[in-house]
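Let's take a friendly walk through a protein model together. Have the sequence and the 3D view ready as you read.

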Amino acid sequence: MAGMADGHPSPRASPEAGAPALDCSGLSRAFGGLMALNDVSFRLGAGEIVGILGPNGAGKTTFINVLSGLLRASVGSVRIYGDDVTALSMEDRARKGLFRTFQNTRPSEELTGREMLRLASLTPNRTGTSVGLSADELLATFELTAFADVILSDLPYGVQKMINLAAVSLCRPRVLLLDEPFQGVADAEIARLSDLIRHFAASGAAIGLVEHNVRSVMALCDRVLVLDSGALIFEGNGPDAIADLRVQEAYLGQRFARELHG
């Protein structure tokens with residue numbers, strides 16, 4: 001994507017002593033008598049893209065909420081480049097470089113793409129300093145200039161999500177968690193969003209994404225996690241996930257697994 005490496009905003013990570021970008025250990029979260037997340041551990045490296053899959057009710061949203069600080073873990077720990085952030089709020093985790101998006105964007109009926117990015121460019125980044133980049137630079141960087149003067153709510157859903165990610169880039173995330181980035185997005189826009197996510201990773205950000213579009217996850221991600229009933233049942237590459245009998249039984253089904261193999 002043009003402009004990502006020539007002075008425009010890009011996520012930057014600076015690993016400390018080889019520590020993983022994100023390291024969670026023994027994470028559990030209970031809601032009353034329901035264990036929504038059960039002893040989940042994994043590591044996410046700088047520049048890596050990891051997909052988080054599983055059936056409805058598997059605990060994926062709870063997992064990303066606990067990682068981001070929206071929910072507190074009942075048990076377990078979360079570290080960002082070795083710093084223990086388990087007790088920190090979502091806002092304080094953002095100051096450490098961990099950011100997330102949500103399933104649904106909420107565009108203002110009044111703002112155009114340019115106006116939203118102009119507003120975002122004036123907000124402090126995680127170091128507490130003003131980024132000071134112009135909205136037009138951001139639009140050019142993310143190849144969104146054609147949508148500059150269109151009201152956000154009138155834009156295709158995938159373009160709204162791209163503008164949202166352009167705004168997030170101003171925070172220079174070290175870890176970026178995406179909650180169903182492809183939900184409700186047309187195939188052509190999924191391709192553009194995937195390219196944008198790859199550029200975040202190429203700039204050093206660690207990416208974790210919850211998604212139901214299995215084909216897009218397999219094409220995009222370096223590694224996948226599969227959750228079922230709150231537990232991690234698989235961690236590895238895409239082809240191995242498709243062939244795994246536990247994953248087929250819990251999520252993919254044998255017929256869809258065969259189609260993916262084909």
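What follows is a short tour of a sheet, a pair of helices and one alanine.

## A note before we start

Keep in mind that this is a predicted model.

## The four-stranded sheet

Let's begin with the strands. Four of them form an open sheet in the order β2-β1-β4-β5, and their pairing is antiparallel. β2 (34-44) and β5 are the edge strands: each has a single partner, so one side of each is left without a neighbour in the sheet.

Now follow the pairs across the sheet. β1 and β2 are joined by 7 bridges in the antiparallel sense. Strand β1 (residues 22-31) also runs antiparallel to strand β4 (residues 75-80), with 5 bridges between them. Cys24 is a handy landmark here: Phe42 is its bridge partner in β2, while Val78 stands opposite Cys24 in β4.

## The hairpin and the helix across the sheet

At the other end of the strand order, β4 and strand β5 (residues 83-84) run antiparallel and share 2 bridges. Within this pair, Arg79 stands opposite Asp84 in β5. The hairpin of β4 and β5 has 2 residues between the strands, and Tyr81 takes a positive phi near 50° there.

Look next for helix α1 (residues 60-68). This helix lies across β1, β2 and β4, and runs at about 120° to β1.

## Two helices side by side

How do we describe a pair of packed helices? Two values are used: the angle between their axes and the distance between the axes. For helix α5 (residues 157-169) and helix α6 (residues 187-202), the axes come within 9 Å and cross at roughly 15°. Because angles under 35 degrees count as roughly parallel, α5 is roughly parallel to α6. The crossing of α5 past α6 is left-handed.

Which residues make the contact? On the α5 side they are Tyr157, Gly158, Val159, Lys161, Met162, Leu165 and Ser169, and on the α6 side Glu189, Arg192, Leu193, Leu196, Ile197 and Phe200. Sorted by class, this contact has 8 nonpolar, 2 polar and 3 charged residues.

Leaving out residues up to four places away in sequence, Ala206 touches Ala21, Leu44, Gly45, Ala46, Gly47, Glu48, Arg174, Val175 and Leu176. Take Arg174 as an example: this residue is 32 residues from Ala206 along the chain, yet their C-alpha atoms are separated by 6.2 Å.

How values were computed:
Residues are numbered from 1 along each chain as its sequence is written. This is a predicted model: local features need pLDDT of at least 70, side-chain atom pairs count only at pLDDT 80 or more; totals for chains, interfaces and linings use all residues. Side-chain values use heavy atoms; hydrogens and water are left out. Axes are lines fitted to C-alpha atoms, for helices over the stretch in contact, and angles run from 0 to 180 degrees between N-to-C directions. Angles under 35 degrees count as roughly parallel, over 145 as roughly antiparallel, 65 to 115 as roughly perpendicular and the rest as oblique. A crossing is left-handed if the near helix is turned anticlockwise from the far one by less than a right angle, and right-handed if clockwise. Contact means heavy atoms within 4.5 Å. Ala, Val, Leu, Ile, Met, Phe, Trp, Tyr, Cys and Pro count as nonpolar, Asp, Glu, Lys and Arg as charged, and the others, Gly among them, as polar. Two strands pair if DSSP finds at least two bridges between them.
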